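Colleague: I'd like to learn how to read a model like this one. Could you walk me through a few features?

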Amino acid sequence: MKNIDSYTHLRGESIFVDDLMIRQDALIGLCFDAPKANGRIVQVDYSKAEAIEGVVRIFTYKDVLGENQIGGIIPDEPLWAEDEVHFWGQPIAFIVATSEAIAKKARVLIEIEIEEFPVITTAKEAKEKGSFINAPRSFNLGDTKSSFKDCDYVFEGETFSNGQEHLYLETQGCYVEPKENGDIKITSSTQGPTQVQKTAAKVLGIPMHKIEVDVTRLGGGFGGKEDQATPWAVMAAVAVQYLNRPVKYILNRHDDLRMTGKRHPYTSFFKIGLTKDLKIHAFEVEFLQNSGAAADLSPAIAERTLFHATNSYFIPNVQTTVYSCKTNLPPNTAFRGFGGPQGMFVIESAIAAAADNMGIDKSNIQECNLLVENNEFSYGQIATEVQAVKAWQTAKEKFNLEALQKETNNFNTVNFQTKKGISVMPIAFGISFTNTPMNHARALIHIYQDGSVGVSTGAVEMGQSVNTKMLQVAQDILGISADKLKLETTNTTRVANTSPTAASSTADLNGKAVEMACTNLIKRLQKIASNLLSKEPENISFSENFVWIDAKKTTLTWGEVIAQAMLERVSLSENAHYATPIINFDKTKEKGHPFAYHVYGTAITSVTLDCLHGTYEIDAVHIIHDFGKSMNLGIDIGQVEGALAQGIGWMTMEEIAYSSDGKLLSNALSTYKVPDIFSAAKKVTVLPLETEGNSMAIKKSKAVGEPPLMYGIGTYFAIQHAVKSFNKNHKLQFNAPFTPEKVLMSLYEK
Ligand code: MTE
Ligand code: HPA
Ligand code: MOS
């Protein structure tokens, strides 16, 4: 099935928040945010701003009737700053005016005096000063203390991976309308409608049932709208509560870049021990997560870093600890991979360091340590249906790794100013929210009396095509043509208490609920058809808009059965609830079975480096990916390609920079480089790994949203390989992104 949005997308007719028809009396909101990263607010003078004609009101924390608190996991983040500010860009007030131009004019007239405190921008500094979000966490397996003694080689090192800007095409935004009796309708570009509803209710001091949140679709989220779409919607809702007029707030790109958190930068310290046969025997890491000024999702992201600290390798002795370090950056947040990529970068760095010191190819160590059936992860889950070796071997054979390696080495012997590099990147990514209670979803299906069907779920469409997958599931079970089905908006009054669209689990969770709801409806319709045809219900099925008996099509149509159901007063609506079975996790022991399954794959990346300029081209990325039994290969390959580009951007060019006093310097696309078509890999091959699929996945089609981002990590090591081929003196560094500037320095390092 084609992406069901493709028609309206192509014609520019798809509706995003900013496209909504707004009420004639609607007002425009604009945030006034902290112009310093840390300090005490001595005073703010709004008088000049308020005096401008068209400024309706300026809201601050003093106007909050409920709680001035938006922290999701830890209540440590005010909606609007009270006495202090802790990051540059922290919301202080909300200007509501008759136009955006007026609001902007007012904003520059607000005068603020801040008594500045020292600013922390790095995780290292925060750790030294004991500035943390919460207590550190550790996952342990075996005993690293004693096992390093049994190693023939032990290496230690430090790594850094920088943050990453989500750069969703559609910036953050919302449109909020008053309804009768103080009820409020929020349309938000959010991955978490329930989070918006819950937080708005708390801040406004009203029950959740008075707030309806609706989401049509997002122009990209990538994790950046899992938690951080909430504040804007809540601010506008507070204004609506007072003014009883609609308020719209769409952030402009500069404001969005400055005020929102990003992928977490991590500084990490590793120690890796190997035996002569290249087995990794022991591995220790201390992760310092730069969490920013408030928790946001940092604790959950830190946890996922630990879950993926050994990537797709089995290591019998592991000790990993993560510190969520409180700094004066905007609270960093979910970003595709959710801490997993940061963890995987460290183990890959450790392997690279070991290989370099031992004078062997990195892939020799990787291949020796791949997970096999019944291996134990550091968190206690036993690996089953493991595809690590199969994915590696298939990639090795299909893409002729040995020949590629030989060619690369030959090329490097005869060429001086140009060098090639190659790397292999295996992945294993756990599917499920790591917080077990979040793994649930519901679907509400209405069959209308003309036989057309409306499907509501908790899934948010953000370009990943989850709606198309939901439609495929419903179509398949109901046996009707796609034109009879419609995916409704995501709305908290139809499907309540939803988990955010995240963790790559949306299609699985919501799809299973759709499957259950449709199956229940079909059972009812089978009985009706059975009466009409005088056959047993078991023999009746629905396909191509007709009723079938055994494998034979009858003349009885879907529409006729629906009409009969109406006459017999049989319910044509169904609400189903799905909660992932089996999964569990005991935080007191840090052990359990948190993931429904893992997604595997292997990427082979080759690059060509211009050693005069330090610039490089990615010649090819060849991928073998474990889709399970993909229900829509077109969509799924699209996800792999997009995630790969995003992973490559993170590893090679996207360089977030803050000044030492906490101001975002890379605050526009002129100073923050994202991959474009010229920096994309010249060739990308994505081949599905043939497997039986996994029954915990919807239609055995595995989750695909996040795992392939980590193929991008391979690019870092391919470039490193090329650098090392040019400059034998280069001491490996693990400092991502590996920008051309850094490459050039490495090439001529003495
Ligand atoms: N693809 C597009 N086009 N746009 C997005 O915002 N988000 C990614 C991924 N793919 C995203 C995307 C992230 S971070 C996640 S968690 C998954 O999609 C979420 O959707 P899923 O659970 O349906 O895979
Ligand atoms: N992944 C993504 N988002 C989340 C998770 C997770 O594991 N937990 C809470 N939000
Ligand atoms: Mo994705 S980072 O789980 O929204």
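Colleague: Which backbone N or O atom lies 3.2 Å from an oxygen atom of ligand 2?

Modeller: A polar contact here is a pair of N or O atoms within 3.5 Å; within protein, one must be able to donate a hydrogen and the other to accept it, and residues adjacent in sequence count only if both atoms are side-chain atoms. In this case the backbone atom belongs to T434. Side chains take part too: E226 has an N or O atom 2.6 Å from a nitrogen atom of ligand 2, and R304 has one 3.2 Å from an oxygen atom of the ligand. The protein buries 97% of the 260 Å² that ligand 2 exposes when taken alone (Shrake-Rupley areas, 1.4 Å probe).

Colleague: Before we go on, what kind of model is this, and how is it numbered?

Modeller: It is a predicted model, where local features need pLDDT of at least 70 and side-chain atom pairs count only at pLDDT 80 or more, while totals for chains, interfaces and linings use all residues. Residues are numbered from 1 along each chain as its sequence is written, chains are lettered from A and ligands numbered from 1 in the order written, and side-chain values use heavy atoms, without hydrogens and water.

Colleague: Which residues surround ligand 2?

Modeller: With a heavy atom within 4 Å counting as near, the shell holds E226, R304, F338, F433, T434, M438, A502 and A503. By class, that is 5 nonpolar, 1 polar and 2 charged residues.

Colleague: How do I read a sheet?

Modeller: Strands of a sheet pair through backbone hydrogen bonds, either parallel or antiparallel. Here strands are DSSP E runs of at least two residues, and two of them pair if DSSP finds at least two bridges between them. One open sheet has the order β4-β2-β6, with antiparallel pairing; β4 (84-85) and β6 (111-116) are its edges, each pairing on one side only. Strand β2 (residues 39-45) meets β6 over 6 bridges, and V44 stands opposite I112.

Methods
Ala, Val, Leu, Ile, Met, Phe, Trp, Tyr, Cys and Pro count as nonpolar, Asp, Glu, Lys and Arg as charged, and the others, Gly among them, as polar. Helices (H or I, at least four residues) and strands (E, at least two) are DSSP runs, numbered from the N terminus.
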